Each structure stands twice: as structure tokens, then as C-alpha cells.
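Hi,

Here is the structure I promised to pass on.

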Amino acid sequence: GQLSKEYVDVGAQVSGQVKKLHVELGDTVEKGKLLAEIDPLVYLARVKESRAQVKALEAQVTQAQAQVVLTGQVFERNERLIKENAVSKEALQQSQAAYKVAVSTVAALKAQIQQASSTLEGNETNLSYTKIYAPMTGAVVTNPTREGQTVNSNQQAPVIVQIANLDVMTVWGQVAEADIPRLTVGMPVSFTTLGSLEHRWHGTLRQVLPSPEVINDVVLYNALVDVDNTDRQLMNGMSTQMY
């Protein structure tokens, strides 16, 4: 049978309801084309929440840094005054402790910002995944997912569409074990299709798969033949006979 030499299953990386499909079976798409959209509301809400958290922490850092300046000034003043016996040792220790607390508070808040920023980045990435784009130029050869369908990326790998480059097809032919020594990579191969026995296509042997199939006690190897299909006469799944 024929298979596209180059194809890709385009899946969903986040879960949700397929809000819009922008392509149909048989459509030709360019790389980067918007194929489908998953309902983004949940992911938008998470982005907004995490952005608000980052902003709130940044505001707290600003306040905490001001406290560092204030407690640092008090501590420095008490260090000068104690030399003149103008302040107690206890007051100096208290101002020093307050300064250290302020410094550690800023450090703790900055660590929280780093974590919150990482969460925000992850949520923004998930939001971007709600728009699914074509990773390659080709034709939509399968589209098992429908608008309104809910896909779950956690439990399975949901395929939205399969895109294939139909310009070059790969014919899979079964070759008996005894004939394998006669095959060489790059050799020309001709074949016919079930629906057009009078026409012969010509291709080139790309490889022989190393793992055989045993059918009725006969050992058969799969030979892969690449053939030009720019005229689009060959389609996936056609039955062929090699010569």
C-alpha cells in the first residue's frame, strides 16, 4: 500500500473542548497555518491569576526594600550613637535584628517572585497551545477530531489532524526471503495499482525493513520504495503489485 513518506500527527498539548476547526479533510495547508483552537477560557484565567500574583509580590518587594533602607539607617545611626553611649546595647541589637529581618524578607519575596514567574511562564505556554498550527506543509489526510469534542492530553495523545506531504509516496511491498539478496538500495522498481493495472509507476528502493513477517510459514520482508506523486494519482492505502 502507499503511505506518505513525510507525515505528522498534529495533536493537542492541552486538554479542553475543540472550539474551532479551520481545516477539512483534503485541504492543502501551509506550514504555520492555524488548524484548530481549543477553548482558551480556563488557560486565560490561569494566566491572569498568575500575572496578578507576580505583580502583587513585586509590590511587596518594593515595600520590603524600603523597609531595608529604613532599618539600615536606624541600625547605622545606633552604631554611631553607641560609641558615644547615647543609645543602649539592647537598642542596637534590636535595630540590627530589624535590619536582618528586612533583608531576609526581600530575599524570600524575590524567591516567591521567581517561582510565580515560572508558573506564569508555564500558564502562558499552555495558553499558546490552545492554538494549534501546522508544523509542515501538506494535505490533511485524516481529521478524527470534530468541533465541540473534548480532548484530554493527559490520558492519551489526541490527534486533531494528520498532515502528509503527498508529493512523495512510499510503497510498501512484501518480498520473499529468497529474493532479498537480489535487492539493492537505490535500484529502480516498478509497480501497478489495483485500479490501474495497465499503468506502471516507477520508483526507487529506499530500504528493506530488517524485521520480517511470517505469513503461512513464508518469511516476508517489507521493501520501501519512494515514488514521485506530484500529479496526486497515488493515494494512501492503495493496493499495489511490484515488479
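Predicted model: local features only at pLDDT ≥ 70, side-chain atom pairs only at ≥ 80, totals over all residues.

Which strands each supply at least two residues of the lining of the largest pocket? They are E8 (159–176), E9, E12 and E13 (240–242), where strands are DSSP runs of E, at least two residues long, numbered from the N terminus. E8 gives the most, with five residues.

Residues are numbered from 1 along each chain as its sequence is written, and side-chain values use heavy atoms, with hydrogens and water left out.

Back to the pocket (an open set of points on a 1 Å grid over the protein atoms alone where a 1.4 Å probe fits, with protein on both sides within 12 Å along at least five of seven lines; lining residues have an atom within 4 Å of a point). The largest one holds about 350 Å³ of space. Its lining has 19 residues, and Val 175, Leu 183, Val 189, Met 242 and Tyr 243 are the closest to the centre. By class, twelve are nonpolar, five polar and two charged.

Val 189 also turns up in the strand pairing, standing opposite Gly 203 in E10. E9 (188–193) and E10 (196–208) run antiparallel, joined by five bridges (pairing takes at least two DSSP bridges), and form a hairpin with two residues between them. E10 also pairs with E12 (218–228), again antiparallel, over four bridges; there Val 208 stands opposite Ala 223.

Cheers

Note on methods: Points joined across faces, edges and corners; volume = space filled by probe spheres on them. Nonpolar A, V, L, I, M, F, W, Y, C, P; charged D, E, K, R; others polar.
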